[in-house]
Amino acid sequence: MALDQSFVGRTYPPTAPYEVGREKIREFAEAVGESNPAYTDPEAAKAFGHSDVIAPPTFVFSITFRAAGQVIEDPQLGLDYSRVVHGDQKFAYARPVRAGDRLSVTSTIEGIKSLAGNDVLDIRGEVHDEAGELVVTAWTKLVARAAEEA
């Protein structure tokens, strides 16, 4: 069954703050093969003009995807997550994510389309710091594959 178009524009409450830790950044950088010392060495990060280590650009996905769970798990939307694949991801940064940031995400459904029986769901996650300043906007595209006919 196609997703309800009336959900386009629906915004979900901000998540509880997520505190970004140096060790999480280091672990992520190692996992994705990033060797920039600004991701692991506070002194190197300061030499680049940052107050502390910064996170690789895709680090924020783990935070925004967790926040998108509010959308995914909304029973009124009716998304069958067992059929979902990740279609696309993009980010627009106002500033880098830094160790010590406390970030909250507000998720909004930007679009719902049906293509060849598949549901395509576009979610925008706006990530703000404790001061309410925008840090990054992330867009996630999820595709719920059409059910196979018996």
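**Entry 1: the model.** I noted before anything else that I am working with a predicted model.

**Entry 2: the cavity.** I wrote down a volume of about 50 Å³ for the largest cavity. I then asked which residues line the largest cavity, and my list reads Thr64, Ala68, Val105, Ser107, Ile123, Arg124, Gly125, Ala138 and Thr140. Sorting this lining by type, I recorded four nonpolar residues, four polar ones and one that is charged.

**Entry 3: where the lining comes from.** I traced the lining of the largest cavity back to helix H3 (61-72) and to the strands E3 (102-115), E4 (118-128) and E5 (134-144), each of which supplies at least two residues. Which element gives the largest share of this lining? I found that it is E4, with three residues.

**Entry 4: aromatic pairs.** I searched the whole structure for aromatic pairs and came away with three. One of them joins phenylalanine 28 and phenylalanine 59, whose ring centres are 5.5 Å apart and whose planes stand at 90°, an edge-to-face arrangement. I checked where the two partners sit, and this pair links distant parts of the chain, since phenylalanine 28 belongs to helix H1 (residues 22-31) while phenylalanine 59 lies in the loop between helix H2 (42-47) and H3, 31 residues apart.

Entry 5: I turned next to phenylalanine 61 and phenylalanine 65, whose ring centres lie 5.3 Å apart. Their planes meet at 25°, and the pair is therefore stacked, because planes under 30 degrees apart count as such. I also noted that phenylalanine 61 and phenylalanine 65 are separated by about one helical turn, because they are four residues apart in helix H3. As for accessibility, I put down phenylalanine 61 as partly exposed at 27%, and phenylalanine 65 as partly exposed too, with a relative accessible area of 22%.

**Entry 6: charges over rings.** Lastly I looked for charged side chains placed over aromatic rings. I found arginine 10 lying over the face of phenylalanine 7, at a distance of 3.9 Å from the ring centre. I also found lysine 90 with its charged end over the ring of tryptophan 139, 5.4 Å from the centre of that ring.

Key: Residues numbered from 1 in each chain as written. Predicted model: local features only at pLDDT ≥ 70, side-chain atom pairs only at ≥ 80, totals over all residues. Heavy atoms only, no water. 1 Å grid on protein atoms, 1.4 Å probe; cavity = no way out; pocket = protein on both sides within 12 Å on 5 of 7 lines; lining within 4 Å. Points joined across faces, edges and corners; volume = space filled by probe spheres on them. Nonpolar A, V, L, I, M, F, W, Y, C, P; charged D, E, K, R; others polar. Phe/Tyr/Trp six-rings, centres within 6.5 Å; stacked < 30°, edge-to-face > 60°. Buried < 20%, exposed > 50% of the residue type's maximum accessible area, 1.4 Å probe, protein only. Lys NZ or Arg CZ within 6 Å of the ring centre and 35° of its normal.
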